[in-house]
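Here is a short briefing to read alongside the model. Please keep the sequence and the 3D view open as you go through the points.

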Amino acid sequence: MATTSKQYKAIGEDIWKGRTEKTNAELFALTYGALVVQLIQDYEDYDEVNKQLEKMGYNIGTRLIEDFLARSNLGRCADFRETGEVVAKVGFKSFLNISPTVTHGAPTSVATSPTAATSQSASAGATFILTLDENPLAEFVELPEEAIEGGLWFSNVLCGVIRGALEMIQMQVQATFISDVLRGDESTDIRVTLVKYLEEEVPVGDD
(Lines give C-alpha, C1' and ligand atoms only; values in the text may rest on other atoms or scores of the structure.)
Protein backbone atom coordinates (compact mmCIF):
# COMPACT_ATOMS: atom_id res chain seq x y z
CA MET A 1 0.00 0.00 0.00
CA ALA A 2 1.33 3.44 -0.93
CA THR A 3 2.67 5.58 1.89
CA THR A 4 0.75 8.83 2.34
CA SER A 5 2.20 12.30 2.86
CA LYS A 6 0.94 12.22 6.45
CA GLN A 7 2.72 8.91 7.09
CA TYR A 8 5.96 10.27 5.63
CA LYS A 9 5.70 13.28 7.94
CA ALA A 10 5.26 10.94 10.92
CA ILE A 11 8.40 9.01 9.89
CA GLY A 12 10.36 12.27 9.68
CA GLU A 13 9.11 13.39 13.09
CA ASP A 14 10.06 10.05 14.66
CA ILE A 15 13.61 10.29 13.23
CA TRP A 16 13.99 13.87 14.48
CA LYS A 17 12.75 12.98 17.97
CA GLY A 18 15.10 10.01 18.07
CA ARG A 19 18.19 12.09 17.33
CA THR A 20 20.48 12.58 20.32
CA GLU A 21 23.00 14.82 18.51
CA LYS A 22 20.69 17.76 17.75
CA THR A 23 22.49 21.04 17.16
CA ASN A 24 21.26 24.23 18.82
CA ALA A 25 19.26 26.02 16.10
CA GLU A 26 20.63 29.48 16.94
CA LEU A 27 24.23 28.27 16.94
CA PHE A 28 23.63 26.41 13.67
CA ALA A 29 22.22 29.53 11.98
CA LEU A 30 25.02 31.78 13.22
CA THR A 31 27.72 29.30 12.20
CA TYR A 32 26.28 28.97 8.70
CA GLY A 33 25.99 32.75 8.42
CA ALA A 34 29.66 33.13 9.36
CA LEU A 35 30.57 30.60 6.66
CA VAL A 36 28.68 32.57 3.99
CA VAL A 37 30.33 35.82 5.07
CA GLN A 38 33.75 34.18 4.87
CA LEU A 39 33.05 32.90 1.35
CA ILE A 40 31.96 36.37 0.26
CA GLN A 41 35.20 37.81 1.60
CA ASP A 42 37.28 35.06 -0.05
CA TYR A 43 35.69 35.16 -3.51
CA GLU A 44 34.25 38.68 -3.77
CA ASP A 45 31.85 37.28 -6.38
CA TYR A 46 28.31 36.25 -5.47
CA ASP A 47 27.95 33.80 -8.36
CA GLU A 48 31.08 32.02 -7.18
CA VAL A 49 29.79 31.99 -3.60
CA ASN A 50 26.58 30.36 -4.86
CA LYS A 51 28.67 27.69 -6.61
CA GLN A 52 30.80 27.03 -3.54
CA LEU A 53 27.75 26.72 -1.27
CA GLU A 54 26.13 24.29 -3.72
CA LYS A 55 29.36 22.28 -3.93
CA MET A 56 29.60 22.09 -0.13
CA GLY A 57 25.99 21.00 0.04
CA TYR A 58 26.59 18.32 -2.58
CA ASN A 59 29.41 16.83 -0.51
CA ILE A 60 27.21 16.90 2.60
CA GLY A 61 24.31 15.28 0.72
CA THR A 62 26.40 12.37 -0.52
CA ARG A 63 27.18 11.55 3.11
CA LEU A 64 23.82 12.30 4.71
CA ILE A 65 21.96 9.89 2.44
CA GLU A 66 23.54 6.88 4.15
CA ASP A 67 22.36 8.03 7.57
CA PHE A 68 18.96 8.90 6.14
CA LEU A 69 18.42 5.47 4.56
CA ALA A 70 19.56 3.68 7.71
CA ARG A 71 17.23 5.66 10.00
CA SER A 72 14.17 5.86 7.73
CA ASN A 73 14.28 2.26 6.47
CA LEU A 74 12.51 3.41 3.28
CA GLY A 75 12.78 1.54 0.01
CA ARG A 76 13.04 2.85 -3.54
CA CYS A 77 10.46 5.48 -4.46
CA ALA A 78 7.92 4.45 -7.08
CA ASP A 79 8.29 7.70 -9.02
CA PHE A 80 9.65 11.24 -8.85
CA ARG A 81 6.44 12.49 -7.25
CA GLU A 82 7.01 10.18 -4.29
CA THR A 83 10.64 11.30 -4.20
CA GLY A 84 9.42 14.86 -3.63
CA GLU A 85 7.23 13.77 -0.74
CA VAL A 86 10.08 11.85 0.90
CA VAL A 87 12.58 14.70 0.47
CA ALA A 88 10.18 17.21 2.07
CA LYS A 89 8.36 15.20 4.73
CA VAL A 90 11.13 12.84 5.82
CA GLY A 91 14.45 14.34 4.67
CA PHE A 92 13.98 17.96 5.70
CA LYS A 93 12.05 16.99 8.81
CA SER A 94 14.62 14.49 10.07
CA PHE A 95 17.62 16.81 9.62
CA LEU A 96 16.25 20.38 9.96
CA ASN A 97 12.92 19.77 11.74
CA ILE A 98 10.94 21.56 9.02
CA SER A 99 8.45 20.21 6.49
CA PRO A 100 8.40 22.17 3.23
CA THR A 101 5.23 22.20 1.16
CA VAL A 102 5.58 20.19 -2.07
CA THR A 103 4.07 21.33 -5.35
CA HIS A 104 4.40 18.80 -8.15
CA GLY A 105 4.95 19.85 -11.74
CA ALA A 106 2.53 19.13 -14.56
CA PRO A 107 2.87 15.68 -16.21
CA THR A 108 5.86 15.59 -18.50
CA SER A 109 7.96 13.04 -20.31
CA VAL A 110 10.05 11.61 -17.50
CA ALA A 111 13.31 9.71 -17.77
CA THR A 112 12.80 6.06 -16.95
CA SER A 113 14.75 4.04 -14.46
CA PRO A 114 16.77 1.13 -15.84
CA THR A 115 15.47 -1.03 -13.00
CA ALA A 116 11.87 0.12 -12.80
CA ALA A 117 10.93 1.45 -16.21
CA THR A 118 7.22 0.77 -15.96
CA SER A 119 6.55 2.42 -12.62
CA GLN A 120 8.93 5.29 -13.26
CA SER A 121 7.40 6.15 -16.62
CA ALA A 122 4.08 6.48 -14.82
CA SER A 123 5.49 9.39 -12.81
CA ALA A 124 3.24 12.43 -12.46
CA GLY A 125 6.05 14.78 -13.45
CA ALA A 126 9.79 15.37 -13.45
CA THR A 127 9.67 18.54 -11.36
CA PHE A 128 8.60 19.50 -7.87
CA ILE A 129 8.91 22.73 -5.92
CA LEU A 130 9.69 22.85 -2.21
CA THR A 131 8.26 25.89 -0.41
CA LEU A 132 10.03 26.56 2.87
CA ASP A 133 7.66 28.27 5.30
CA GLU A 134 10.60 28.47 7.67
CA ASN A 135 14.34 28.26 7.02
CA PRO A 136 16.67 27.54 9.96
CA LEU A 137 19.66 28.74 7.94
CA ALA A 138 18.20 32.20 7.44
CA GLU A 139 17.36 33.04 11.06
CA PHE A 140 18.72 36.47 12.08
CA VAL A 141 19.70 37.23 8.45
CA GLU A 142 19.06 40.37 6.48
CA LEU A 143 20.81 40.58 3.13
CA PRO A 144 22.44 43.87 2.12
CA GLU A 145 21.24 45.38 -1.15
CA GLU A 146 24.59 44.61 -2.76
CA ALA A 147 24.17 40.88 -2.09
CA ILE A 148 20.63 40.87 -3.48
CA GLU A 149 21.68 42.73 -6.62
CA GLY A 150 24.71 40.46 -6.93
CA GLY A 151 22.46 37.39 -7.08
CA LEU A 152 23.37 35.72 -3.78
CA TRP A 153 21.23 32.71 -2.81
CA PHE A 154 22.05 32.62 0.88
CA SER A 155 20.82 29.06 1.54
CA ASN A 156 22.19 27.54 -1.68
CA VAL A 157 23.82 24.76 0.35
CA LEU A 158 20.37 23.13 0.51
CA CYS A 159 20.29 22.75 -3.27
CA GLY A 160 23.61 20.95 -3.15
CA VAL A 161 22.45 18.63 -0.36
CA ILE A 162 19.41 17.61 -2.42
CA ARG A 163 21.49 17.04 -5.57
CA GLY A 164 24.18 15.05 -3.74
CA ALA A 165 21.75 12.86 -1.81
CA LEU A 166 19.60 11.97 -4.82
CA GLU A 167 22.63 11.27 -7.00
CA MET A 168 23.70 8.59 -4.52
CA ILE A 169 20.41 6.80 -5.18
CA GLN A 170 20.72 6.98 -8.97
CA MET A 171 18.84 10.21 -9.66
CA GLN A 172 20.58 13.09 -11.41
CA VAL A 173 18.69 16.27 -10.60
CA GLN A 174 19.00 20.02 -10.85
CA ALA A 175 18.05 21.87 -7.67
CA THR A 176 17.84 25.65 -7.79
CA PHE A 177 16.36 28.45 -5.73
CA ILE A 178 13.71 30.34 -7.67
CA SER A 179 12.70 32.72 -4.86
CA ASP A 180 13.75 33.66 -1.34
CA VAL A 181 12.11 35.90 1.27
CA LEU A 182 15.59 37.19 2.09
CA ARG A 183 15.64 38.71 -1.39
CA GLY A 184 12.23 40.33 -0.96
CA ASP A 185 10.19 37.51 -2.54
CA GLU A 186 6.89 36.38 -1.08
CA SER A 187 8.12 32.82 -0.47
CA THR A 188 11.26 30.71 -0.38
CA ASP A 189 11.10 28.07 -3.12
CA ILE A 190 13.48 25.43 -4.45
CA ARG A 191 12.76 23.78 -7.80
CA VAL A 192 14.02 20.21 -8.19
CA THR A 193 14.06 18.80 -11.71
CA LEU A 194 14.85 15.23 -12.68
CA VAL A 195 17.51 15.13 -15.38
CA LYS A 196 17.81 11.36 -15.71
CA TYR A 197 18.05 8.11 -13.81
CA LEU A 198 21.63 6.89 -13.52
CA GLU A 199 22.80 3.37 -14.25
CA GLU A 200 23.88 1.58 -11.11
CA GLU A 201 27.64 0.99 -11.24
CA VAL A 202 28.68 -2.62 -11.65
CA PRO A 203 31.97 -3.56 -9.90
CA VAL A 204 34.86 -4.22 -12.29
CA GLY A 205 35.06 -7.90 -13.19
CA ASP A 206 31.34 -8.54 -12.65
CA ASP A 207 28.99 -9.20 -15.52
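This is a predicted model: local features need pLDDT of at least 70, side-chain atom pairs count only at pLDDT 80 or more; totals for chains, interfaces and linings use all residues.

**Nonpolar cores**
- The largest nonpolar core contains 39 residues, and Phe80, Phe92, Leu130, Leu158, Ile162, Ile190 and Val192 have the most contacts inside it.
- Elements giving two or more residues to this core include helix H2 (25-43), helix H3 (46-72), helix H4 (80-96) and strand S4 (189-197).
- There is also a second, separate core of six residues, with Ile65, Phe68, Val86 and Val90 among them.
- Leaving aside residues up to four places away in sequence, Val192 touches Phe80, Leu130, Ile162 and Val173, among others.

**How H2 meets H3**
- The two helices, H2 and H3, pack at an angle of about 135°, and their axes are 9 Å apart.
- On the H2 side the contact includes Tyr32, Leu35 and Val36, and on the H3 side it includes Tyr46, Glu48 and Val49.
- By type, the residues of this contact are 10 nonpolar, one polar and one charged.

**Positive phi in loops**
- Glu44, in the loop between H2 and H3, has a positive phi of about 50° although it is not a glycine.
- Glu44 is exposed, with a relative accessible area of 70%.
- Gln170, likewise not a glycine, has a positive phi near 65°.

Definitions and conventions:
Residues are numbered from 1 along each chain as its sequence is written. Side-chain values use heavy atoms; hydrogens and water are left out. A nonpolar core is a set of buried Ala, Val, Leu, Ile, Met, Phe, Trp, Tyr and Cys residues joined through side-chain atoms within 4.5 Å. Buried means under 20% relative accessible area, exposed over 50%, partly exposed in between (1.4 Å probe, protein chains only). Helices (H or I, at least four residues) and strands (E, at least two) are DSSP runs, numbered from the N terminus. Contact means heavy atoms within 4.5 Å. Axes are lines fitted to C-alpha atoms, for helices over the stretch in contact, and angles run from 0 to 180 degrees between N-to-C directions. Ala, Val, Leu, Ile, Met, Phe, Trp, Tyr, Cys and Pro count as nonpolar, Asp, Glu, Lys and Arg as charged, and the others, Gly among them, as polar.
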